[in-house]
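This report walks through one protein model, part by part. Please look over the sequence and the structure below before reading on.

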Amino acid sequence: MDYISRLTNEELCVLCDLIPLKHFRDCFKMAPKNFNKLSKFRPEKVPLAEIKRIVVNRGNDPFISDLLNSSVQALLNILNKQISLFADAGEDIHTALIHALPKSDFHEHLDLYFRLSGDAYSPEYAALVQSAIVEIEAREKLADAAEAEATRNGDSSAELEYLRGEIAKIQKKLTQEGEACEKLRAQCAAVQKQYEESEQKLADFQRLASYADTSTEIPVDDDLPFTSLCRVGIPSGNSLELYRMADIVDGSIQTQKQNGFPQRDILYTKDRSKQENYIGIWAWRTEPNYNPDRLDYIVSAFLPSHAPIQIIVVPNCQTMEDLKEYLCQGIAHIPDGERALYAVSADSEYIGLLCRKSDIVEENGTAKLKSSVTKLPLYKFCEQEIVKVRDWSFFCRIHLGMPSKLLPIRDPLETVKELILRRSPIAKLKERGTIREAREFRAFLQELPATDLYQEIAASCGCSLEEAKSYADKFVQCAETYLQGTDVESRLLCAAVECSPELIERCRSLNEEKWRQEHEKQLAQAQEDLAQITLKAQQQRKQCDLLVMEQQQLEKRRDALAAEIDQQQQLAADVEEQVAARIAAAREKAAEFICEMAFHGSAAAAPNVPAAQDQFMPGKKLDADSSEHHEDWDAICTLQDGLEEAGVIEGRTSMLAAFLYVAYVLRTPLLLAGPNGRGIADALSAALFGRTASILRCEGAYDPDATEQCMNDEGRVIVLLDPINTGWISHIPDFTAQKDKLILAVHPFAEDLLIEPKGLYNYVVPVLTELFVDQPASGKYVGGCFGADFRGYDRTKPQKKLHLAKKLPMPAMLRNQLQQMLADMKALLGRDEPDYDVLFGALPYAYVTGKADAILEGTEDEGGLSKDTQALIRAFLGETQ
């Protein structure tokens, strides 16, 4: 319920004082995404003064208003519970309210309570209650003071009794005024009920009026004075023939030839948009033809705002329910015009449903109502209002007027369920739980019945809803009587047993004997189990003694090993110093050795050239249901779940998911260097398209057939495995030029890129996967797909510079790509942090080009990075340098 819209800013401040501000902070922690739109603080560190400012100034925000409304409802529930306790003790509702309010959170703000209660209390009643509470409190203070004075002096009992009598009189008066107020409220409720009934009748009439086929005059055009009902015929030269079926006079269809109308049975139109046999209304005129051997020319114009109503009487159909079922399942009567009145015969009249061409869909020669049609206007008409023209029947007037009622086509509960499912995509539901829970909840909603028990009873028993309710109530009453043992048979049997002690003892012995017979096997099994447990306990005691002895021996051995470990650690420290010295000397010749091995490996691998079908593997569709994306965050959330299955650290899935999603939108090729690159590519393809990525193995010499097969594949995400091989690296520009697919080059070892040409990064953006993963990929990826109503984000203006860019010059093409990608990524995440510039921009490029020292110097000079990112960079470079 909306309580906040009734309050002013001053009253909101008072309400904030009644609700603990810690409660707001806890709620902000549970919904950080909504809170980040309101404040720059983090939810766990927001000051109390900032909380109050946000609540008061942003009360119109849906998130804050929902939070305030739920808190107010909690306060009102507490007070209502106190009122119920007083009422259960025997007080009337008015006295209970007067006793409960002074002890509630609203005791100093009674006017705020009545303001929040809305129409539950009239202003006069609220003022009366407030004055009564003030008067009672004043009288109680006087009584307490008088009683204390009487206790001290011992001679004021008469005055005390007098005051108590006055309080009783006031309470009696309040009770009488409360009864009078209750009568006024009853009268007000009756008037309110009449008003609501009138409002309902008005709403029903307005709803009918919205479906009314109102009468509008056909415009009289001196240029086109004649109006006729025509059927579209075959082409004739540059025109279409129109077969004149009847004339329209004052909004009515006239089948007889009208005086003053030219005697022409076939008209012509230049408009060729209508199909053959289409029936509509055209305005027309004749123009003289100066060739005496030919007929006059015809000039016509179609009138789209005036459509004839074709009447189709459905055979073998007796009721409106039968007609509704025919229309929903499909009927072999397709209207020839824009509107049709599907009707059934009922005694001396007809009842029909008005359908427009836009309400139906044609399938295999049948007309079927669209699933979006929930109700249709119902009209009643007689035989005299039907005009028959050849094989067609029409309503005698162009417009039907006000319908008799609106006939529901689909159950309202089915419509509500469909709307709820449409507003509850899996990507939204899983914000409150796991993706499995979201799918189970959607399945639960889909299985909810649209009809209640009373409707099923009425349909099965062929009775009314009232009779069905009485049958159900009677069944429940009989069940309660039987289950509680209060039926006649149970009472007679109990009375007979209680009157005879011998019979009671006999029943007990019989029950015991019968129970032992029925559970003979269970008793024997229990005895056997007890014997086995006893034997097992004895064995375990012996085993425990042996384990204690073994533990003592192991402790002695542990002490000896600890002493030996200390000696080995000292030896390891000495060896480490010597190894470090040798590694420093070997680094100078490492580049030369790696180059020789690379060329040697390429030459050795050249003879093994796999076939094209072995080099390319298309992606596989996932078996699980895919969630439908309606906005960017739906896709990013699904991708986050997939990246967790690909081994990505949970705390870094959001930034990597946003970066990969932007790369797909911009079709920016990436080079995933390090562990789990293929798993990350499969997670991206599965989250966006419900299938794994297509794989092209870049082995041996370059194969154009495999490349063509890859480019023609339906997969939108292509993985190039080991593309830096000698025969393939020069073709990377050809792959990255494809703009309808996202190219992901994957190499398992980032160190190998140190010897590759720097120009490679004009075509692919390097990503170091080792910064984000901490475990192997599971392969259980989450599927997704883009919905029909999906709308992507608007591109952001590229950021002007990258963090640490002064320390690390890079190619202009790579820098421009990174500036655009990082700007879009930060806009999607709603955070502008320099950590993203380093983890996705400066650090990968510095590492693959051998300039990692510039990153360490830059972090010390410029700063601005979080402690976690600084620690991650030091750990990564410390392990690889």
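This is a predicted model: local features need pLDDT of at least 70, side-chain atom pairs count only at pLDDT 80 or more; totals for chains, interfaces and linings use all residues.

Where is the place of Asp722? Asp722 sits in the loop between S20 and helix H25 (732-736).

## Overview

The protein has 29 helices and 23 strands. Of its 881 residues, 38% are buried. Among contacts between residues at least 6 apart in sequence, 70% join residues at least 24 apart.

## Helices H2 and H4

Helix H2 covers residues 21-30 and helix H4 covers residues 48-57; the two pack at an angle of about 80°, and their axes are 10 Å apart. That angle makes H2 roughly perpendicular to H4. On the H2 side, the contact is made by Leu21, Phe24, Arg25 and Phe28, and these meet Leu48, Ile51 and Val55 of H4. Sorted by type, the residues of this contact are six nonpolar, no polar and one charged.

An α-helix has 3.6 residues a turn, so residues three or four places apart point the same way.

## Strand S5 and its partners

Strand S5 (residues 279-287) is mostly covered, with seven of its nine residues buried. Strand S1 (residues 226-236) pairs with S5 in the antiparallel sense over six bridges. One of the residue pairs here is Ser228 with Trp282, the latter in S5.

S5 also pairs with strand S6 (residues 297-302); six bridges join them, and the two run antiparallel. Here the bridge partner of Arg285 is Val299 in S6.

Gln256 belongs to the loop between strand S3 (252-254) and strand S4 (266-269). Its relative accessibility is 62%, so Gln256 counts as exposed. Gln256 and Met245 are 11 residues apart in sequence, and their C-alpha atoms are 9.7 Å apart in space.

Ser393 is part of strand S14 (residues 392-395). Ser393 has a relative accessible area of 18% and is therefore buried. Which residues does Ser393 contact, leaving aside its neighbours within four places in sequence? They are Ile309, Gln310, Ile311, Ile386, Val387 and Lys388.

## The six-stranded sheet

Six strands form an open sheet with mixed pairing, in the order S16-S19-S20-S21-S18-S22. Strand S16 (616-617) and strand S22 (765-768) stand at the edges; each has a single partner strand, so one side of each is left without a neighbour in the sheet. Strand S20 (residues 717-721) and strand S21 (residues 742-747) pair in the parallel sense, over five bridges. Within this pairing, Val719 has Leu744 in S21 as its bridge partner. Helix H22 (residues 653-666) packs on the sheet and touches strand S18 (670-673), S21 and S22; the direction of H22 makes about 145° with that of S18.

Asp722 lies in the loop between S20 and helix H25. Its phi is positive, about 55°, although Asp722 is not a glycine. With a relative accessible area of 30%, Asp722 is partly exposed.

## Helix H23

Asn676 is in the loop between S18 and H23. The phi of Asn676 is near 65°, a positive value in a residue other than glycine. Helix H23 (residues 677-689) has 13 residues and reaches 18 Å from its first C-alpha to its last, close to the 18 Å expected at 1.5 Å a residue.

How many of the 13 residues of H23 are buried? The number is 11, and H23 is mostly covered. Among them are Gly677, Gly679, Ile680, Asp682, Leu684, Ser685 and Leu688. After H23 comes Gly690, with a positive phi near 70°.

## Helix H26

Helix H26 (residues 812-829) has 18 residues, which should span 26 Å at 1.5 Å a residue; its end C-alpha atoms are 26 Å apart, which agrees. The buried residues of H26 include Leu814, Leu818, Met821, Leu822, Met825, Leu828 and Leu829. Gln819, Gln820, Asp824 and Lys826 are also among the buried residues of H26.

What covers the buried residues of H26? The cover includes helix H21 (632-645), H22, S18, S22 and helix H27 (834-848). Just after H26, Gly830 takes a positive phi of about 75°.

Definitions and conventions: Residues are numbered from 1 along each chain as its sequence is written. Side-chain values use heavy atoms; hydrogens and water are left out. Axes are lines fitted to C-alpha atoms, for helices over the stretch in contact, and angles run from 0 to 180 degrees between N-to-C directions. Helices (H or I, at least four residues) and strands (E, at least two) are DSSP runs, numbered from the N terminus. Angles under 35 degrees count as roughly parallel, over 145 as roughly antiparallel, 65 to 115 as roughly perpendicular and the rest as oblique. Contact means heavy atoms within 4.5 Å. Ala, Val, Leu, Ile, Met, Phe, Trp, Tyr, Cys and Pro count as nonpolar, Asp, Glu, Lys and Arg as charged, and the others, Gly among them, as polar. Two strands pair if DSSP finds at least two bridges between them. The expected span of a helix is 1.5 Å times one less than its number of residues. Buried means under 20% relative accessible area, exposed over 50%, partly exposed in between (1.4 Å probe, protein chains only).
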